[in-house]
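Trainee: I've got this model open and I'd like to learn how to read it. Can you walk me through a few features?

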Amino acid sequence: MAIIVHLLELVKMVLWTYAILCNTFEKCENTTKRLEITEYLVTLFVKVIELTPDGLLELLYMCINKLGPDYEGLELGIGESLLMKAVAQSTGRDMKQLKSDYVKCGDLGTVAKNSKGSQKTLFKPKALTVPHVFRTLKEIAIITGNSAQSKKIDKIKGLLVACQDEEAKFIIRHLEGKLRIGLAEQTVLSALAQAVVFSNKDNSKLSTLKKEELLASAVETVKYVYNQLPTYDVIIPALLKYPIEELLEHCTMHPGVPLKPMLAHPTKSLTEVLDRFENNTFTCEFKYDGERAQIHRHEDGTISVYSRNSENMSVRYPDILNAVDKWVKPSTTSFILDCEAVAWDKEEGKILPFQVLSTRKRKDVKEEEITVRVALFAFDCLYLNGKSLIREPLQKRREKLYESFQETENEFYFAKHMDSNNIEDIQTFLDVSIANYCEGLMVKSFDGSEATYEPSKRSRNWLKVKKDYLTGIGDSMDLVVIGAFYGRGKRTSVYGAFLLACYDPETEEYQTICKLGTGFSDENLQMFYDTLKDHVIEKPKRFYCLGENAVKPDIWFEPVQVWEVKCADLSVSPRYMAGVGRVDPSKGISLRFPRFIRVREDKDPESATTSEQVSEFYFNQANLQGNNHQNGKNMDYY
Ligand code: ATP
């Protein structure tokens with residue numbers, strides 16, 4: 001018996017080692033097949049659930065490379081030069097050599113691993129464990145203030161010195177902020193659900209068909225629960241404690257945990273809207289042009305404001321926090337509201353353009369110093385007095401919104417709506433929205449099962465109609481800046497043009513889409529130079545998809561900024577890679593006549609327009625023009 005206990009302890013210790021996790025990462029990196037990646041993860045999770053369930057939460061965070069829920073705002077993403085210093089100091093190699101290796105290989109993780117490999121050590125270091133690495137990464141992320149850089153370097157060196165085999169490669173990638181080995185969050189969620197099913201011994205007796213059904217429903221449950229309560233801190237303990245069928249009862253949404261917002265599909269015409277909603281009831285609302293704000297009032301009265309990205313923005317909006325009591329009716333206790341915060345002219349009582357909102361201070365905001373005021377326009381009520389409303393139809397949710405809150409001048413308004421199905425009425429409402437400084441309309445399914453709130457989904461039950469884009473491709477795109485070209489003439493001291501990319505969440509790559517040199521003011525160009533020069537990298541990241549005939553900028557950047565860009569239309573091009581494989585096996589889609597609109601401060605690079613969206617725009621355009629892409633009319637061969 002004693003021997004068995006001892007053996008079990010040994011197995012547990014091995015399971016805790018970081019090497020086991022790296023081994024799984026390595027296998028995932030060596031395949032592109034999602035099913036295989038899921039299988040590797042399931043195998044690891046099952047072992048952990050069976051032997052060391054207490055470690056599952058940390059292990060999961062390491063797999064998605066996060067340090068906690070998004071709204072806690074603790075992030076990695078250490079700059080290249082600091083990481084290089086740490087690698088140089090811990091391996092005794094000089095920076096010049098390291099830089100040249102990096103330029104050759106393109107992956108700092110691999111450079112770190114190889115540098116360790118060439119190093120002679122007298123003693124084998126003690127094995128790194130998952131909890132130790134996780135804790136240290138968290139410590140590194142929270143270091144601020146005086147000599148933060150050198151403190152961070154010391155901690156990183158501590159980890160690197162103890163690394164063996166592949167470990168240094170993944171430590172560096174954790175620190176860079178992204179593993180990029182195919183462990184997209186949806187894959188991890190699916191593996192987690194399956195592992196819970198497999199680790200329940202009773203399920204092994206089920207027929208294959210029953211088991212498949214059970215696996216599919218477990219995956220659906222876990223993903224559903226995560227969308228409305230995106231925090232593993234609650235979900236993992238509940239998964240370990242209760243049967244999966246009961247998960248929803250123990251993980252209900254509540255104030256303090258922001259839901260992933262529901263998103264809309266772009267449309268190019270009102271007839272497209274009518275076609276989509278034929279036979280359904282729908283409602284039109286003004287589409288306000290500001291910043292999305294999810295307002296939470298917790299059971300204890302605390303108010304929090306969250307962004308589109310689930311970032312806690314409460315300190316940025318003391319004016320919102322202080323006005324809440326005025327617009328909440330006395331019978332209303334806790335709630336979650338979906339709103340748009342818009343710049344507001346108090347004297348004139350009218351909305352101001354988005355450009356004004358973007359000049360509002362984002363840090364250390366004191367109410368008495370606020371110069372750009374905001375008004376809230378509430379368009380949905382997702383939770384009220386202790387109960388979730390997201391499965392109720394919009395009609396019911398709107399009733400609750402009107403019953404439980406009241407408009408207060410200059411602070412809180414209900415989004416204007418109009419419920420007629422007549423195209424002329426809709427056209428008039430669209431014109432009125434524009435006259436009222438809005439972007440256009442949101443058209444939403446109003447009643448029945450298609451009118452529920454679908455967290456995180458870009459749903460066809462919400463359509464956006466932007467007046468400005470009715471003549472273009474239907475919407476603007478939000479693209480990531482990955483490179484720049486030196487300026488000429490008036491622009492010699494700044495970057496003159498930029499290389500932009502969209503994001504493919506399946507391959508975790510940024511795919512090039514256009515060169516952009518129009519739409520900037522002189523101030524814009526100076527500001528981009530000042531902010532982006534700190535993110536210059538030696539060579540394109542290994543996850544930049546450039547293609548063989550790539551447009552090559554003079555300078556490369558880390559993916560840090562998202563810009564909204566408008567274009568005339570889209571074409572297939574051998575020089576850009578957006579959506580490669582979706583329209584053509586080796587060519588991508590590119591924007592024609594792109595024009596800079598604004599910086600999207602509220603979007604991180606991974607929330608940029610996806611390659612799937614880009615190809616949808618392309619196909620819609622091809623359908624509308626009545627020409628199929630294969631006939632070559634939309635091809636660019638320059
Ligand atoms: P997406 O959210 O589709 O990626 P985006 O962030 O670029 O796109 P838009 O294309 O402008 O935003 O459209 C959706 C946004 O419109 C919402 O996220 C919300 O902030 C804003 N909005 C304004 N009015 C409404 C409304 N009445 N209903 C829903 N959203 C609205």
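Mentor: Start with a residue pair: Ser573 sits opposite Gly588 of strand 21. Strands are DSSP runs of E, at least two residues, and helices are H or I runs of at least four, both numbered from the N terminus. Note that this is a predicted model, where local features need pLDDT of at least 70, side-chain atom pairs count only at pLDDT 80 or more, and totals for chains, interfaces and linings use all residues. Residues are numbered from 1 along each chain as its sequence is written, and side-chain values use heavy atoms, leaving out hydrogens and water.

Trainee: In which sense do strand 20 and strand 21 pair?

Mentor: Pairing takes at least two DSSP bridges between two strands. Here strand 20 (569–573) and strand 21 run antiparallel, over five bridges.

Trainee: How many residues of strand 21 are buried?

Mentor: Buried means under 20% relative accessible area, exposed over 50%, partly exposed in between (1.4 Å probe, protein chains only). In strand 21 (588–592), four of the five residues are buried, so the rest of the structure largely encloses the strand.

Trainee: And salt bridges: how many does the structure hold?

Mentor: Look for a side-chain nitrogen of Lys or Arg within 4 Å of a carboxyl oxygen of Asp or Glu. There are 50 salt bridges. In one of them, Lys260 meets Asp70 at 3.0 Å, N to O. That pair joins distant parts of the chain, 190 residues apart. Lys260 counts as buried at 19% relative accessibility, while Asp70, at 28%, is partly exposed.
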